[in-house]
Amino acid sequence: TYHMDIPTIAVFNSSQLRDYFKLHNYSFYKEYSFDPVLNASLKKELLNNPPVKKEKKIIVYGRPSVMRNCFEIVADSLRRWEKMVDDASEWQLISAGEKHQDLKIGDNCVLRSCGKLTIEEYAKMMGTCYAGISLMVSPHPSYPPLEMSTFGVKTITNTYENKDMASFNSNMISLSDMTPENIAKNLAQITNSFNEND
């Protein structure tokens, strides 16, 4: 479809995705792009119920059936993190996105799946979570890390070629090295900085 002989109008859902196509020498008759904005219902929830106090909760975007979201890497990262920190048993681990069986994480933790949440439930969950992990092996923008970080969650995500969301806000941690070891190390730094008075 990207090489059709007919005049094609391309609409990209981010300037980074548009630039990715340019890097790979794709061109179109006309090109337009727009950058992601917060879902209107999430924005309403954020304005009406802004996060007041963060808790020892880690939210992950868990979709085991969708390979680009790297569920195995997320789970392995949590297992390594559990061995690195002294207070792992005090943290709640929550998986949102797709319902799956709860997953034992080391000796002290369980990753509990809450599946797909309503907008209100999702907003409330993010409002209380201190840390998050959301990976996407793709050049197009991933909305969950943008949403998490907007709700004050210190969010680990990954780069992909020219895609790097590090500058989105101060809560975003964008890693070019998305090995479980590196993700766990960064997550440990985040959770070790938890202050219940924040």
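Which residues make a nonpolar surface patch of about 570 Å²? The patch is formed by Ile9, Val11, Tyr29, Tyr32 and Phe34. Patches are made of residues with over 30% relative accessible area and no salt bridge, where like charges are joined within 9 Å and nonpolar side chains (Val, Leu, Ile, Met, Phe, Trp, Tyr) within 5 Å. A salt bridge, in turn, is a side-chain nitrogen of Lys or Arg within 4 Å of a carboxyl oxygen of Asp or Glu. Accessible areas come from the Shrake-Rupley method with a 1.4 Å probe, and for residues only the protein chains shown count as cover.

The model is predicted, so local features need pLDDT of at least 70 and side-chain atom pairs count only at pLDDT 80 or more, while totals for chains, interfaces and linings use all residues. Residues are numbered from 1 along each chain as its sequence is written, and side-chain values use heavy atoms, with hydrogens and water left out.

Tyr29 lies in the loop between helix 1 (15-23) and strand 2 (30-33); helices (H or I, at least four residues) and strands (E, at least two) are DSSP runs, numbered from the N terminus. Tyr29 counts as exposed because its relative accessibility is 55%, given that buried means under 20% relative accessible area, exposed over 50%, and partly exposed in between (1.4 Å probe, protein chains only). Leaving aside neighbours within four places in sequence, Tyr29 is in contact (heavy atoms within 4.5 Å) with Pro7, Thr8 and Ile9.

Now for the chain as a whole. The protein chain has 6 helices and 9 strands. Its C-alpha trace spans about 60 × 35 × 30 Å along the principal axes. Of its 198 residues, 46% are buried. Among contacts between residues at least 6 apart in sequence, 55% join residues at least 24 apart. The accessible surface comes to about 10,700 Å², and 50% of this belongs to carbon and sulfur atoms.

Finally, the cysteines. With a disulfide taken as a pair of cysteine sulfur atoms within 2.5 Å, the count is 0. Cys70 is in no disulfide, and the nearest cysteine sulfur, that of Cys114, is 19 Å away. Cys70 counts as buried, because its relative accessibility is 7%. Cys114 is likewise in no disulfide, with the nearest cysteine sulfur, that of Cys129, 8.7 Å away.
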